[in-house]
Amino acid sequence: MNDPLHPVPRPPRAEGALRAWLSDAAAVLLPVVCAGCGRPDSAVCPPCRVALYPVLAEVRSGPLRVQVALPYSGVPAAVLGAVKEQGRTDALRALAPAMRAVLAAAHHAVPSLPAREPLLVVTMPSAVEVTRRRGFRPVDALVRAAGHRVPRTPVLRFARAVADQAGLTADDRRSNLEGAMRASGPLDGRRVLLVDDVLTTGSTVLEGYRAVLAAGGDVVGAACLAHTGKRKATGRQLVGDSSGRRY
């Protein structure tokens with residue numbers, strides 16, 4: 001069985017190759033500006049890429065140990081916002097190293113992981129209308145850009161309508177999401193790693209935690225690309241990428 005956190009490389013899908021070709025063609029026809037600072041002629045300019053180098057930390061959200069890679073401010077917030085709200089999928093590659101590093105950190109934080117039972121990576125769902133408006137699921141796109149597989153059918157979904165979390169208070173976020181998620185099928189005994197793009201109050205990953213437990217799964221940790229810094233980090237780690245760079 002393949003480990004989803006150490007995937008076997010696969011040839012690109014036809015639709016993926018077509019999407020990349022269209023993106024390149026659009027870059028020729030339309031002016032490209034940096035998603036982080038607006039500098040012309042680059043999806044993410046070199047100085048902004050430096051600002052996206054992961055600085056890994058572990059924070060607590062209820063019973064969960066959440067690995068995080070970037071502060072949700074400055075360049076990381078601008079680039080991630082451009083991906084989510086402007087459809088700047090050309091900026092995903094610049095976020096991939098941080099996403100890859102935080103997934104690796106979350107994997108290493110899980111004690112005694114049986115080789116026969118790889119972690120199931122479960123991304124947090126978006127509201128149906130938000131996904132329809134964006135045309136894609138940003139968290140899934142980030143995980144794939146980092147080289148990992150995401151189930152084609154989302155493991156978690158919303159079983160009722162929810163409001164957009166942006167702008168809500170912590171209490172309103174909890175009320176908005178309480179009991180809102182359901183698993184698409186039984187997760188009996190599966191070891192689950194929850195993944196989201198931004199950790200703010202923790203209400204989303206905690207609702208995902210509840211939904212996985214209700215389906216019989218075992219949540220062993222969580223990973224988020226960025227965090228708002230509202231929780232004190234409990235520890236930092238160094239993780240290297242394939243080039244030998246240390247973060």
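The legends below describe several close-up views of one predicted model.

In this predicted model, local features need pLDDT of at least 70 and side-chain atom pairs count only at pLDDT 80 or more, while totals for chains, interfaces and linings use all residues. Residues are numbered from 1 along each chain as its sequence is written, and side-chain values use heavy atoms, with hydrogens and water left out.

View 1. Strands, which like helices are DSSP runs numbered from the N terminus (at least two residues of E for a strand, at least four of H or I for a helix), are said to pair if DSSP finds at least two bridges between them. Strand β1 (residues 57-61) pairs with β2 in the antiparallel sense over 5 bridges, and Arg60 stands opposite Arg65 in β2. The two strands form a hairpin with 2 residues between them, and in the turn Gly62 has a positive phi of about 60 degrees.

**View 2. Strand β2 beside strand β7.** Strand β2 also pairs with strand β7 (residues 218-227), here in the parallel sense and over 5 bridges, with Val66 standing opposite Ala222 in β7. Strand β2 (residues 64-71) is mostly covered, since 6 of its 8 residues are buried, where buried means under 20% relative accessible area, exposed means over 50%, and partly exposed lies in between (1.4 Å probe, protein chains only).

View 3. Side chains of opposite charge can pair when their charged atoms come close. A salt bridge is a side-chain nitrogen of Lys or Arg within 4 Å of a carboxyl oxygen of Asp or Glu, and by this rule the count comes to 7 salt bridges. One of them joins Arg65 to Glu58, with the closest N and O atoms 3.0 Å apart. Arg65 is partly exposed, at a relative accessible area of 37%, whereas Glu58 is buried, at 14%.

**View 4. The salt bridge between Asp140 and Arg137.** The side chains of Asp140 and Arg137 meet in a salt bridge of 3.0 Å, N to O. Asp140 counts as buried at 3% relative accessibility, while Arg137 is partly exposed, with a relative accessible area of 29%.

View 5. Arg210 forms a salt bridge with Glu207, and their closest N and O atoms are 2.7 Å apart. Both residues belong to helix α8 (residues 203-214), where they are 3 residues apart and therefore separated by about one helical turn. Arg210 is partly exposed, with a relative accessible area of 32%, but Glu207 is buried, with 5%. Elsewhere, salt bridges that share partners join Glu85, Arg133 and Arg134 into one network.
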